[in-house]
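Grab a pencil and have the model open beside you.

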Amino acid sequence: MSTTQKQEIAVLGSGSWATALVKILSENEQAAIHWWVRNPETAEHIRTYRHNPGYLSDVEIRPERVVQVSSSIREVLAPARWVVVAIPAAFVKEALSSTTADDWSSKKVVSGVKGVIPEDYLLVTQWISRQFELAEENMAVIAGPCHAEEIALERQSYLTIASLNFAISEAFARLMNCRYVKATPFDDLYGVEYCAIMKNIIAIGCGIAHGLGFGDNFQAVLVVNALREMKALIDAVYPLHRELTHTAYLGDLLVTAYSQFSRNRTFGNMIGRGYSVKSAQMEMKMVAEGYYAAKGIYQISRKHGVVCPIMNGVYRILYEEVPAKKVFEKIRAELQ
């Protein structure tokens, strides 16, 4: 790759993860970043003061790398070779509704979204590919273990870039590598994407367990059993020889299930302590993707005939208003 060749990259989203991705990509001197921010006032603030007022506000936005900040999504897409989508799954369809297949033509799309498109029950890569007539080989996903807050602090972090096209994984991993981030290319697009979704549901379950008063011993066994559920569902949906000890699977699950920065664990903890779903969502500033994912994974697991007691239990608590204590007493009795 020429040292003078700029890589035009659109980043879609204005939350903490989008801001973290902008920071990482800004470390690459070849990057020219075009950032779509939904709110025009936020976009103007970023242009003027060089930080995101709502999320990771200590992160300085570098104008020599972030060449455009706009609330016009089509304007941001136009010059881009790469498009990084970092919008919560529940809002992807609305956010992209003004764009057409022409806007996405010939682009490489990288999803940083950890959720299922509501009602369609499709992975984000699947939905974008079908909606905008993109080859699945031109899609990739970003997986952790990696929290946005630790990126802001420049703590050593690890990412996996997965795609059906290994050349795309390698190319985007090079763009993401920097002093405090090591990005590794990988080829299990759908397995990584499904794990990134399911680990958020498990993290909610761990939070609920903590809120109910269960200790570390219980949660360790809960995570082990949940990992088996994840493997059973992934193998049913996309059979492939895979070892879930890879950092993109187990590593991402562990950090989300246990970290103080995990919004899904925090959300679950509030539910376990007696908050209603609505009150927990109102108190949290950030979106807990696992809430929306729980419904999608519940429907997908039923479609494929896979029994997932832990993830289905989280669904029943969140959507059927079954008391958390009742659900977890049943889970406790079935854990191995």
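**Exercise 1.** Work out how H10 passes H11: in which hand is the crossing?

*Solution.* H10 passes H11 in a right-handed crossing, meaning that the near helix is turned clockwise from the far one by less than a right angle. Helices here are DSSP runs of H or I with at least four residues, numbered from the N terminus. Next, the contacts (heavy atoms within 4.5 Å): H10 brings Gln219, Ala220, Val223, Leu227 and Met230, while H11 brings Leu250, Leu253, Leu254, Ala257 and Tyr258. Sort these by class and you get nine nonpolar, one polar and no charged residues. For the sorting, Ala, Val, Leu, Ile, Met, Phe, Trp, Tyr, Cys and Pro are nonpolar, Asp, Glu, Lys and Arg are charged, and the others, Gly among them, are polar.

A quick word on the ground rules: this is a predicted model, where local features need pLDDT of at least 70, side-chain atom pairs count only at pLDDT 80 or more, and totals for chains, interfaces and linings use all residues. Residues are numbered from 1 along each chain as its sequence is written, and side-chain values use heavy atoms, with hydrogens and water left out.

**Exercise 2.** Describe how H9 (residues 189-212) and H11 (residues 247-258) are arranged.

*Solution.* Start with the axes, which come within 8 Å and cross at roughly 25°; they are lines fitted to C-alpha atoms over the stretch in contact, with angles from 0 to 180 degrees between N-to-C directions. H9 and H11 are therefore roughly parallel (angles under 35 degrees). The handedness comes next: H9 passes H11 in a right-handed crossing. Among the residues making the contact are Cys195, Ala203 and Cys206 of H9 and Tyr249, Leu253 and Ala257 of H11.

**Exercise 3.** Is Ala203 buried or exposed, and what does Ala203 touch?

*Solution.* Ala203 lies in H9. Its relative accessible area is 0%, so Ala203 is buried (under 20%, with a 1.4 Å probe and protein chains only). Leaving out residues up to four places away in sequence, Ala203 touches Thr256, Ala257, Ser262, Asn264 and Arg265.

**Exercise 4.** Which residues of the largest nonpolar core touch the most other members?

*Solution.* A nonpolar core is a set of buried Ala, Val, Leu, Ile, Met, Phe, Trp, Tyr and Cys residues joined through side-chain atoms within 4.5 Å. Of its 59 residues, the answer is Leu222, Phe267, Ile297, Leu318 and Phe328. H9 supplies the largest share, 13 residues.

Methods
Helices (H or I, at least four residues) and strands (E, at least two) are DSSP runs, numbered from the N terminus. Angles under 35 degrees count as roughly parallel, over 145 as roughly antiparallel, 65 to 115 as roughly perpendicular and the rest as oblique. Buried means under 20% relative accessible area, exposed over 50%, partly exposed in between (1.4 Å probe, protein chains only).
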